[in-house]
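Look at the sequence and the model first, then read the points below.

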Amino acid sequence: MIKKLSLKKNWLYIPLIALAIFYLLPMYVLLVTGFKSFAEIDLKTMWTLPQGIAFDNYIEAYAKLSPSLFNSFKMVIPAALISSMLGSLNGFILAKWKFRGADIIFPFILFGMFIPYQSIIIPLVQFMNAAGLTGLPGLAMAHIIYGIPITTLTFRNYYASLPQELLEAAKIDGADMLGIYRHILLPISIPSFVVVLIWQFTSAWNDFLFAVILTNNTEWPITVALNNMAGSQIISWNVQMAGSLLAALPTLLVYIFLGRYFLRGLLAGSLKG
Amino acid sequence: MNKKLWYVLMAVLVIGSTLLAACGAAPAEEAPAAPAEGEIATDAEVTGKVGIVLPTKDEPRWVQDEARFQEALEAAGYDVEILFSQGDSAKERANVEDLITKGIQVLIITPQDGAAAAAAAEAAHDAGVKVISYDRLVLGTEAVDYYVTFDSVAVGEAQAQYLVDKAEGEGNPLYLYAGAASDNNAFLFFEGAWNVLQPKIADGTFVIENSSEAEAVADKAELTRDEMAAVIGQITTNWDFNTAKSLAEANLTATTAEQKGDVFILAPNDGTARAIADAFAADGDVTSYVVTGQDAEKASIQYIIDGKQSMTVLKDVRTLVADAISAAVAFLEGNTPPETQTYNNGVFDVPAKPSAVVTVDKSNVQEAVIDSGYWPAEDFTGVEEAAAPEASETTEATEVEVFSWWTGGGEAAGLDAMIEVFNKEYPNVDFINAAVAGGAGTNARAVLATRLQAGDPPDSWQGHAGQELIGTYVAGGQIEALNDLYDAEGWLDVMPETLIPLISDENGNIYSVPVNIHRANVMWYNPAILEANGVAIPTTMDEWFAAMDTLQAAGITPLALGEQWTQLHLFETVLLSSLGSEGYDGLWDGSTDWASPEVTTALNNFAKVLTYANSDAASLSWQDAAQLVVNGDAAFNVMGDWAAGYYLELGLTANEDYGWTPVPGTDGVFQFLSDSFTLAVGAPHPEGAEAWLKVAGSKAGQEAFNPVKGSICARTDCDPELFGEYLQSAMQDWSTDTVSGSLTHGVVANDSWKSEIDTALGLFLIDQNVEGFQSSLVAACASSGPCQ
Amino acid sequence: MLKNKDRYLSVILISPSIIAVLIFIYGFIGWSARVSLSNWKGLNPDYSWAGLKNYIALFSDPRFHIDVRNTLIFTGVFVVGSMVLGFLTAVMLDQGLKGEGIFRSIFLFPMAISYIVTGVIWRWLMNPAAGTRMSGLNLLFSSLHLDFLVNKWYTTPTWGMAAIAMTAIWQMSGYTMALYLAGLRAIPHELREAAQIDGASEIQIYRHIILPLLTPVSLSALIILGHTSLKVFDLIIAVSGKQLPLDVPAIYMWQTTFDGLFYGRGAAISILLLISVAVLIIPYIRYTLKEEAKQ
């Protein structure tokens, strides 16, 4: 642990708590509204606590969302795993196993991270249909491919920070490329994997654009179902908010339980410049 | 993975497991499964002699049988002797005794006369010969070891099942015909048919149209012999072509057009089926018919290929021969042939395993009748084309994907109500509700546009009647004309004349099925506020301004307004009010100049109206804005009449909590919009889509949908009693007012033009520059409208 | 040196990714670029050559001017806000206070939630209604007697975009915090100690030692935040719906393409967006690669 320069830092709690309140305000509204009855919903009383704690809204929301919840898992888990694996391999090759042109290929891949997705959905749908990749598999594939730039970037930067000697020693021992990757780099890549997996999991989970155009109603992931839950006339905000929380729960849990590893992963240099 | 690949995999798995199951089960019932001649391969070491007595050499069928038996049994290594009775029971008896003396172990006999053959059978039985009664049952003796026959009850069941499979929805007219009342088989056929049809009559799928006797017993699953006799007596064809034809013609004369349409006919055999089919085909009120048959006669096979008879039941005699041989072989080997059923011959129950019958229709006629060698292909014309189209029709009508932006509130509830009607009418068509939500349908529109671009259209989608339809989808060649459907369903008589041109191109092709009508130019007000401030309901623009001045002075927000599209909505009603309906309509066909001073006045009016609005409009949805009025936070709100549905959902009382009037200056004009459904070019399931459109255009469908959605029917014949107070007044106005179209909701301008106007409005809301607004509107008309 | 076998293997292993990127990114960009040079308007593709017509029209399009202004405001407020807030929270959390983990989780969690979820809540919180209908943050401020904070949020003329940026800061500052915290933890504490012994004040230490060392972190944050802000779309839709005062290029592109069927114009907007992203990204990529080469 780093020794602190000063011990009398307790005043720092004041801004920290103020900031925490800023971050938690929307969460508070989400929570209390989710427990209110329909009659209690009114913008003017959004800050007041619900009259009682009832889980009806959550039960109703779960009933509406559960099929999509599973669709989301079916799509997100393979998408996150496969794009992380690809990113790790690419990163390894681009950082440590440079062939001629590797330095051109890296920015070439990286640039893909920055395209506005709205502008490519028409060719995307055309391509996916032509390739027969419709529904959840197609959606997962889109997330994998559009995840390649950021996963490659993350792993490449991490592997680039590792000393070359690590590999040279193994090479002298006769290990080939895949052997080095499997036995030397993969074991120490765990923190980077955590960062990338979290990142990919969240972005695929929260994606709406690809989901709404690539899947049909039996395969809609949670974001589309949530969006459709809001009727065009009277919206049951209490159920809507309960549903929102349910939809956010998997990613929230991922952050809460893996948050420390996320930081550790960043610390390991994986997202440094 | 590719979805199609999944289906293939699934199919392989299912077929594979079925095969496995079949293999596993095979040893238990191997014997009589042999299908065709020449395939009886049994142990050649077993020797034995089989005697066969057939009725007559004068009928080709028995001569064919002779050859089949001879060939098959000899191939299997047995001795065979076949004799003919030539229609003489005495000869029959002599034949049997002759065979007994020749040392046969098994006798296969088709009695000339069931009762008279008893003595012959007994003689054989006494000599230790196993007696197999072939195709006809030997009656009144225990000396019958086995009976080989086709199951007449199963034939009737197969006929009825075919009708049931083809029927969709409820109230299908059913016409019943039977064989001769003197023939026991006629009773068995009818019994089988009744077994399958009765539950479907009881649940309303079918309505019997030609037999009061059958109707009288329609709730009885099992009929007594006497009840059956009564029914058959009324519908008998006597197995006679002419009787059948005149009975059918008499039935058609006695029934009304409502009892016809798409009819279902149970005809007992092929000869009568052709006669009945001809009679029905000649009746103008019969739009389609499904008719059964039996025997796979050549003429009927041709009828099936030509689409004039729907099906026949093939009783392949070769199967019967094979089953008889199998039974004989079983006896020779000291085994017992399998027994699945018994037939009472007056003395005891004779064991039997009825031979399989095959249902033949257009989809399998090639395979079942020609490929199997039952009839040669050259006897028919048009065989090759027969199978393919029919097969796709029966498999693909199983679903329909309908795209809309109705995912919540009254809209979704209305859609659900209409889907319910659909599911009742078309229980075999799976309804896929592909509704996608999005602010005023915009996400939905993007998804739709993307799918159309990618050549992956839904079968049917929601589109506003008018230019959104004609100027966008029709112009893009994305939807099919529906004139045939309009003719078939008689919609031109029930859809308003004003509406049809808006969903048609200049050639008179009609492109969509409107389900509802909404009114756009409605102003909602708070009666209490107006009363408290002594404000009368304004009827002109000037009165409206004066009223709003009074309210503003009293510290009340005069006008509730919401996000940008609600301002576009307000804008179109102010245009209509200022220009009058003729001037307004002229904006969209180029006869009113956008640069004219009248339009300038209209724009100034609009700018002035905006000054009375709440300051937080940009943050309010249309519901929020509508709610300001009933909450007493504002006096007026201009919104389409879906607001009435919203108020209803809020539990408010019409004319008490809220009142309505046409937007000032638009009295007598009904500014409308209409949701309609289309048929995609290249729809993956055209039959399903057509079924959906039929429901969407039907009275039942619209009456289910509209009261819930809060709109009036597009059809003019809906029952007003089903609707609330506001909607009844709207129905009244719709029938008397001048009709103009809405801009915001796709009637008067195509999508591009509308979007340009929307942008111009957005810029005006920021800079409040009327002159700039007008010049952008002129530019918009030039770039995307009719102004050049 | 690379053995030949390994050279081939590495090319084989990376080629699926390259092919995918080639098709799904560059192929589709190429399609967009082609469409942007066409007259395509309406549902049916029309690739007839229009030259730079669509681009030229955009440069004199008042709506596009609003978009550019809004994007600049949004990017400025969002990038600066997220970086400052992220850096400050990181520094505070780096002090080894008790409960650091809890604060860290609190600051990080908004990242986990979709805009579809948070947009609605922010819409409520930033309700601009006044008087008896006052609600949301304004109501909160007003009841805490902080009336000077009451404002019209995203309906404020011109600067409404800044309110939207605030919600984006809420969403993304946790991520910058995590980046900076990781960066701070990576700085050897001997450096700080040495400076302390030299008599430098804490502020001086941060300014002259720590901040320069964090330059790479700041750069990555800048890139990630910058390109996010150029592409911002669903957050605005979720908070405020589609309205011109809060219009940005991505929304204009979406609306003009899918509501108005101006495919050529929509594609031109997306290509302009891409070019501005490239202007931001390419120097960064060159810089980092050069830095690496130096090491």
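In chain C, 70% of the contacts between residues at least 6 apart in sequence join residues at least 24 apart. Two residues are in contact if their C-beta atoms, placed from the backbone, lie within 7 Å. This is a predicted model: local features need pLDDT of at least 70, side-chain atom pairs count only at pLDDT 80 or more, and totals for chains, interfaces and linings use all residues. Residues are numbered from 1 along each chain as its sequence is written, while chains are lettered from A and ligands numbered from 1 in the order in which they are written.

**Chain C**
- Chain C has 13 helices and 0 strands. Helices (H or I, at least four residues) and strands (E, at least two) are DSSP runs, numbered from the N terminus.
- Of its 295 residues, 50% count as buried. Buried means 20 or more other C-beta atoms within 10 Å of the residue's own, exposed means 12 or fewer, and partly exposed lies in between; C-beta atoms are placed from the backbone.

**Where chain B touches chain C**
- Here 27 residues of chain B are in contact with 25 residues of chain C.
- Helix 16 (442-453), helix 17 (467-474) and helix 28 (751-767) of chain B each give two or more residues to this side of chain B.
- Helix 28 of chain B gives the most, with 9 residues.

**Positive phi in chain B**
- Most residues other than glycine have a negative phi.
- B:D135 has a positive phi, near 70 degrees. B:D135 counts as buried because it has 23 C-beta neighbours inside 10 Å.
- B:Q768 also has a positive phi, near 55 degrees. B:Q768 lies in the loop between helix 28 and helix 29 (770-784) of chain B.
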